[in-house]
Amino acid sequence: MARKAKSLRVPNYCLHKPSGQAYVCLSGRFFYLGKYKLRPDGKPDCPRYHELIAEWIAGRTTPVAEAAPDASPDAPAARELTVEEVVARFWEHAKGYYKLADGSQSSETESFRQALRPLRRLFGGTPAKDFGPKRFKAVRDEMVRMGWCRTNVNRQAARVRQVFKWATEEELVPGVVLHALKAVRGLRPHTDNVKESAPVKPVTEHAVDAVRPLVSRQVAALIDLQLHTGMRPGEAVIMRAADLADLDKKVWLYRPPRHKTAHHGKAREILIGPKAQEVLRPFFTTNPKAYLFSPRDADAEAGVKGGNPGDRYTVASYRRAIARACDEAFPLTPDLAHMARRARQWRAAYAKVNGKRLPLKKCPPRILKMWEAVNDFLAANRWHPHQLRHTFATAIRATHGLEVAQILLGHADTKTTLQYAEQDTRRAMEVMREVG
């Protein structure tokens, strides 16, 4: 009697719980398939799984193994890492590496978080070894579609490349991947369909004088402190008496506990002259570790109940305070105010009917034109705290030269200082009147 043939058992679509990845075991070899997903009927939602099963059933040569036959799913070398997994491992590294002296996270971690979102969205399930220049350019194109300006796209693309540089160093991906990514050049200025960022200009004295009476005593002091020292907004808002030291009778030294280049091991020392000292003195208290500029104190002085509970300003809250004051000092014209009101009403009506707000870039041309007119006015009449640093740099360069400006701004290279300090053409004009 003929022996009954055994029915073929199709290998299961399995979940690797520690990583959330799907995998299938074929002839003792594990193949990882990206994120584990099921269709509504409970069947695998993974074309790659069905592809592998079809090849296995047909008796074709199975693809290159992602692990040795005796490897388990938990073994580090059991499979090829996906882009998502490389990003996850890099993120654990970044949280430990990009730390400030006080143990808090550097802003660089948030920059990496933003840069890696389009990478994960587009190619999270792609094997890391297959991430080449074309996919890298696709990620960069996605950044452009997200509305990022060219300089930001180039910076964020460099951070994506940095992830693969780290992965190469850790032997998680072949070195050929990083070598190929280095061949991709940054976007050149005025590339078609790529937004250019407006250069940061110094803020005028008229604009500062118009805003100063409309902000709290604390915000006004922050403005004056930046004008007298050129420090960054993030360095000004965290100032404490404990961080100040006397150099001599007229100059103090401020060492901010957190600053932009702290994770590179660089020290930041800011000189505080007599004018800036006069700004600071009214805010000294008996607690040297208390922040000098407190929004809680500002609300108490203004009689605001249930206001900001924070013990210090953030860069964002400081910037918002100035923006509100600018809107009050330079209100919209009646025509522009009417346009803004109509555009808001149209978007609110659309959201009520469709259940979601329509992005500005997808609004009808007439609505978009109204928003652009309003935004152009706001851009021309609003300024932000970082412009005060540019104002200081321009003034110091005009009176004391580029090298002094470089030292006071804390730049390692004069090329960086040139981006902050605009050239004073008046002196050149005076020279030309004499020699030209």
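Quick housekeeping, folks. This is a predicted model, where local features need pLDDT of at least 70 and side-chain atom pairs count only at pLDDT 80 or more, while totals for chains, interfaces and linings use all residues. Residues are numbered from 1 along each chain as its sequence is written, and side-chain values use heavy atoms, leaving out hydrogens and water.

Okay, the overall picture. We've got 18 helices and 6 strands in the protein chain, taken as DSSP runs numbered from the N terminus: H or I of at least four residues for helices, E of at least two for strands. Of the 436 residues, 38% are buried, meaning under 20% relative accessible area with a 1.4 Å probe, protein chains only; exposed is over 50%, and partly exposed is in between. On contacts (heavy atoms within 4.5 Å): take those between residues at least 6 apart in sequence, and 58% of them join residues at least 24 apart.

Now the sheet. β1, β2 and β3 line up in that order as an open, antiparallel sheet. Pairing here needs at least two DSSP bridges between two strands. β1 (14-16) and β3 (29-35) are the edges, each pairing on one side only. The twist averages 40 degrees from one strand to the next, using axes fitted to C-alpha atoms, for helices over the stretch in contact, with angles from 0 to 180 degrees between N-to-C directions. Between β1 and β2 (residues 21-26) there are 3 bridges, and L15 sits opposite A22 of β2.

On to the inside. The largest nonpolar core has 36 residues, and I223, M239, I272, L280, F293 and W383 touch the most other members. A core here is a set of buried Ala, Val, Leu, Ile, Met, Phe, Trp, Tyr and Cys residues joined through side-chain atoms within 4.5 Å. Elements giving two or more residues include α7 (205-211), α8 (217-229) and α12 (315-329), and α8 has the largest share, with 6. Skipping neighbours within four places in sequence, I223 contacts V208, V211, Y318, I322, W383 and L388. There's also a second, separate core of 32 residues, V87 and L116 among them.

Last stop: D224, also in α8. Buried or exposed? Buried, because its relative accessible area is 18%. Beyond neighbours within four places, D224 contacts R212 and V279.
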